[in-house]
Amino acid sequence: MIEIKPIEELNAQGKKVVIAGPCSAESETQLLETASQLSQMGIKIFRAGIWKPRTRPNTFEGIGELGLKWLKRVKEETGMKCVIEVANPYHVEKALENGIDILWLGARTTASPFAMQDIALSLKGTDIPVLVKNPINPDIELWIGALERLSLAGINRVAAIHRGFSTYGDTTYRNTPIWEIAAELHNRIPELPILCDPSHIGGSRELIQPIAEAALSRNYAGLFVEVHNNPDIALSDSNQQITPATLQTILNNLNINL
Ligand code: PEP
Ligand code: MN
C-alpha cells in the first residue's frame, strides 16, 4: 500500500494544474523571458532541465549547476515554483541546496531500479514533492515500483506523469501514449494525481493540443508542457516546444482557466 499525500503546489482548487517551461535551461535570459511570460499567463510552476539525459552523446547535455542560480532568479522575479529533473543523488543534493521546490524523475530513471533506489535513499528525511514519469517501456510494475521505493523512503507527496512509451517504427507519436496503463495506475492508486506530458508523447508542436485534449477527456489532473521563448533555436527538443503565446491559445481552446 502506497500512502499518497497531496502536493499543495499542485492543488488548484478543482482547476487543472499546468506546469510549463523549456526542455532545457540554456541561458539566464531564455529562462527569465520564458518564465515572465508564463507567469503573466497565470502559470505557477516552471519546469526546466538542468542535466539532460540525451539519447546520443555530443548533443547538448544540459547547462548543469549554473542553471540552478538562474532558477533562483526566476523564483525571485516571478514567484513561480521551480521543478527540475534529478537522475542521481548528486542532482538531488544540488537541487535541495539551491531551493528547488519540486523534482521530477525522467522516463529512463523510472525504468532503472538501481537508480530509483539510490535517489529514493538520497531523498530520505526530506519532504519535497516528486513527479514520477512513466518508464520508457510499458511496464506498470516498474512505474509502481518507483513510487513504492519513494514511499519506503518516506516520500509521499508524489504525482505521476504519462509521457508515452518507446516503440519501434511508430511514426505518429514520438512516444506512444498508452492510456490503459495510466488508467490501470489510477485504478491501483486512486489518490495519485496523474499529469500528461503532451510534448514528449507528440514530439511535434501540432500534436500538443490533440494529446492534451485526449488527456483532459480522461480527467487527468493537468499538463506538463515544454515551452520556450524561441523554440526554433532551442538546444534540445526544438520540434516539440511551443511559445508561451501558443500555449495560451491551446489553453483557451481547451477551456483551461488558470
Ligand atoms: C524532459 O521532460 O525534458 C525529459 C527528458 O523527459 P523524459 O524523461 O520524459 O524523456
Ligand atoms: Mn524534452
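Predicted model: local features only at pLDDT ≥ 70, side-chain atom pairs only at ≥ 80, totals over all residues.

Visitor: How many aromatic pairs does the structure hold?
Guide: It holds 2. Rings of Phe, Tyr and Trp (its six-membered ring) pair if their centres lie within 6.5 Å; planes under 30 degrees apart are stacked, over 60 edge-to-face, and the rest tilted. Trp-104 and Phe-224 pair edge-to-face, with 5.2 Å centre to centre and 80 degrees between the planes.

Visitor: Where do Trp-104 and Phe-224 sit?
Guide: Trp-104 is in strand 4 (residues 102-105) and Phe-224 in strand 8, 120 residues apart. Strands (E, at least two residues) and helices (H or I, at least four) are DSSP runs numbered from the N terminus.

Visitor: Is Phe-224 buried or exposed?
Guide: Buried, with a relative accessible area of 0%. The cut-offs are under 20% for buried, over 50% for exposed and partly exposed in between (1.4 Å probe, protein chains only).

Visitor: And which residues coordinate the manganese ion (ligand 2)?
Guide: Cys-23 (SG), His-200 (NE2), Glu-226 (OE) and Asp-237 (OD), at 2.1 to 2.4 Å. Donors are N, O and S atoms within 2.8 Å of the metal (3.2 Å for Na, K and Ca); water isn't among the atoms, so sites may look incomplete.

Visitor: What's the spacing of those donors along the chain?
Guide: C-x176-H-x25-E-x10-D. His-200 is buried at 9%, and Asp-237 is buried too, at 16%.

Key:
Residues numbered from 1 in each chain as written. Chains lettered and ligands numbered in written order. Heavy atoms only, no water.
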